[in-house]
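Dear colleague,

Please find the structure below, handed over together with some notes on what was found in it.

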Amino acid sequence: MNKQASGHSAPSGAQAPGRPGEWRRFLLLAFIGLPIAMVLAIAAYGFVVWFLQILFFGPPS
């Protein structure tokens, strides 16, 4: 069976290519991307609660 036709190809060399780049991307995502995403998610939730209090529910009592 032809490996190219099956869609599988063996990595050349002892180590899979792009391995250092994967670690760099992981660290960037873990320490920069996710904290920014969480801050934006919390800010969006706060905005939604504030907006709903203005329109429908009034201030908390």
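I begin with Phe51, which at 40% relative accessibility counts as partly exposed, where buried means under 20% relative accessible area, exposed over 50% and partly exposed in between, with a 1.4 Å probe and protein chains only. Please bear in mind that this is a predicted model, in which local features need pLDDT of at least 70 and side-chain atom pairs count only at pLDDT 80 or more, while totals for chains, interfaces and linings use all residues. Residues are numbered from 1 along each chain as its sequence is written, and side-chain values use heavy atoms, with hydrogens and water left out.

Phe51 forms an aromatic pair with Phe47, and the pair is stacked, with 5.8 Å from centre to centre and 20 degrees between the planes; rings of Phe, Tyr and Trp (its six-membered ring) pair if their centres lie within 6.5 Å, and planes under 30 degrees apart count as stacked, over 60 as edge-to-face and the rest as tilted. Because Phe47 and Phe51 are four residues apart in helix α2, about one helical turn separates them. Phe47 is likewise partly exposed, at 48% relative accessibility. By the ring rule there are four aromatic pairs, and ring pairs link Phe47, Trp50 and Phe51 into a cluster.

Phe47, Trp50 and Phe51 also belong to a nonpolar surface patch of about 970 Å², among whose other members are Leu52 and Phe56. Phe56 counts as exposed because its relative accessibility is 61%.

As for the chain, it has two helices and zero strands, taken as DSSP runs numbered from the N terminus (helices H or I, at least four residues; strands E, at least two). Helix α2 covers residues 19-57, and just after α2, Gly58 takes a positive phi of about 75 degrees. Buried residues make up 0% of the 61 residues in the protein chain.

How values were computed: Patches are made of residues with over 30% relative accessible area and no salt bridge: like charges are joined within 9 Å, nonpolar side chains (Val, Leu, Ile, Met, Phe, Trp, Tyr) within 5 Å. Accessible areas come from the Shrake-Rupley method with a 1.4 Å probe; for residues, only the protein chains shown count as cover. A salt bridge is a side-chain nitrogen of Lys or Arg within 4 Å of a carboxyl oxygen of Asp or Glu.
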